[in-house]
Amino acid sequence: GLLLVSCGGGGEDAVPEAQAEAAAKASGRAQRLALPPGTPINADAHLKGQFGPVRNWPVIPIHVVLTADGRVLGYGSSNTGQQTGNFNYAVWDPASDTYTTLLNSTGTDIFCSSQLLLPAGDQVFIAGGDNWTGTATNNIGNNNSNLFNPTANSLTRTSNMNRARWYSSSTMLLNGEILIQGGAGGTDRPEIRAADGSFRLLSGADTSGLSYDFPRNFTLPDGRLFGFDAAGRMYWLNP
């Protein structure tokens, strides 16, 4: 709801614009995180959980990210189901059950990239993906990075990584930086995305003996990462 505040002098002050905007965003987010209107609740949902109805998406959502405002970014194909460097991405609003489908004009094939919501919640970081030659993909990875802006629904190309990465994993560190590991083309070393968007290679961390495809990393309270690869090999990584 909207809180109206008046001063003791008798005059009424309007809610500051920033406060009103924050309240509106919080309200919209709460609506989007709720069940779709009209969804019946099972009697044992509080014990077993519950799946909602099946939804039709305008693209094949191989990758999905929950944005800070409660919507869902999804991508993975064109609107005809084809993989290409210029495929569409879609944003689903659960509150209205509507989709916004947009063209990818970055030239980056973000198929099988890794994605992460940045600490401020205002952007989604997308690392790498497949390599688009202009006419086809060749499955060797790219070193591109992109940012999705939920407010503008825009995808923007940013700085290149030090390695090409197809099937990488991105993990948030305690200081808000992002560790990107693995991916075809980047098996030998992980790298870190700083808060300013620059990348630095971790030259002392040799990951060449691990599988490249989507390593599973978990940040620990002391700043290290515990992980395991697709073959089940476990490791520690100290950024």
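Residues are numbered from 1 along each chain as its sequence is written. Because the model is predicted, local features require pLDDT of at least 70 and side-chain atom pairs count only at pLDDT 80 or more, whereas totals for chains, interfaces and linings use all residues; side-chain values rest on heavy atoms, with hydrogens and water left out.

Strands are DSSP runs (E, at least two residues) numbered from the N terminus, and two strands are taken to pair if DSSP finds at least two bridges between them. Strands of a sheet pair through backbone hydrogen bonds, either parallel or antiparallel. An open sheet of four strands has the order β5-β6-β7-β8, and its pairing is antiparallel. At its edges are β5 (114–117) and β8, each of which pairs on one side only. From one strand to the next the twist averages 20°, where axes are lines fitted to C-alpha atoms and angles run from 0 to 180 degrees between N-to-C directions.

Within this sheet, β6 and β7 pair in the antiparallel sense over four bridges, and V124 has F148 of β7 as its bridge partner. Strand β7 (residues 145–149) is also joined to strand β8 (residues 154–157) by four bridges, again in antiparallel fashion. Here L147 stands opposite T156 in β8. The two strands β7 and β8 form a hairpin with four residues between them, and N153 in the turn has a positive phi of about 55°.

A hairpin is also formed by β9 and β10, with five residues between the strands; G176 in its turn has a positive phi of about 90°. Six bridges connect β9 with strand β10 (residues 178–184), and the two run antiparallel. S168 stands opposite G182 in β10. Strand β9 (residues 166–172) is mostly covered, since five of its seven residues are buried; buried denotes under 20% relative accessible area, exposed over 50%, and partly exposed the range in between (1.4 Å probe, protein chains only).

Three strands form an open sheet in the order β13-β14-β15, with antiparallel pairing. Strands β13 (216–219) and β15 (234–237) stand at the edges with a single partner strand each, so one side of each is left without a neighbour in the sheet. Neighbouring strands of this sheet are turned by 20° against each other on average, direction ignored. Four bridges join β13 to strand β14 (residues 225–228), and F218 stands opposite F226 in β14. In the loop between β12 (199–201) and β13 lies G209, which counts as exposed because its relative accessibility is 52%. G209 and R233 are 24 residues apart in sequence, and their C-alpha atoms are 9.4 Å apart in space.

The interior was examined through nonpolar cores, each a set of buried Ala, Val, Leu, Ile, Met, Phe, Trp, Tyr and Cys residues joined through side-chain atoms within 4.5 Å. The largest nonpolar core has 15 residues, and those with the most contacts inside it are L73, Y75 and F148. Two or more residues are contributed to this core by each of β2 (72–75), β3 (88–93) and β6 (124–127). With residues up to four places away in sequence not counted, L73 touches H63, V64, V65, T67, Y89, A90, V91, V124 and F148; contact means heavy atoms within 4.5 Å. A second, separate core of nine residues includes L147, M161, I178 and F199.

The structure holds 10 aromatic pairs. Rings of Phe, Tyr and Trp (its six-membered ring) pair if their centres lie within 6.5 Å, and planes under 30 degrees apart count as stacked, over 60 as edge-to-face and the rest as tilted. The pair of Y89 and F148 is edge-to-face, because the ring centres are 5.9 Å apart and the planes stand at 80°. Y89 lies in strand β3 and F148 in strand β7, so this pair ties together parts that are 59 residues apart in sequence. Both Y89 and F148 are buried. F125 and F199 form a tilted pair, 6.2 Å centre to centre with 40° between the planes. This pair links distant parts of the chain, with F125 in strand β6 and F199 in strand β12, 74 residues apart. F125 and F199 are both buried. Ring pairs also link W166, Y167, Y212 and F214 into a cluster.
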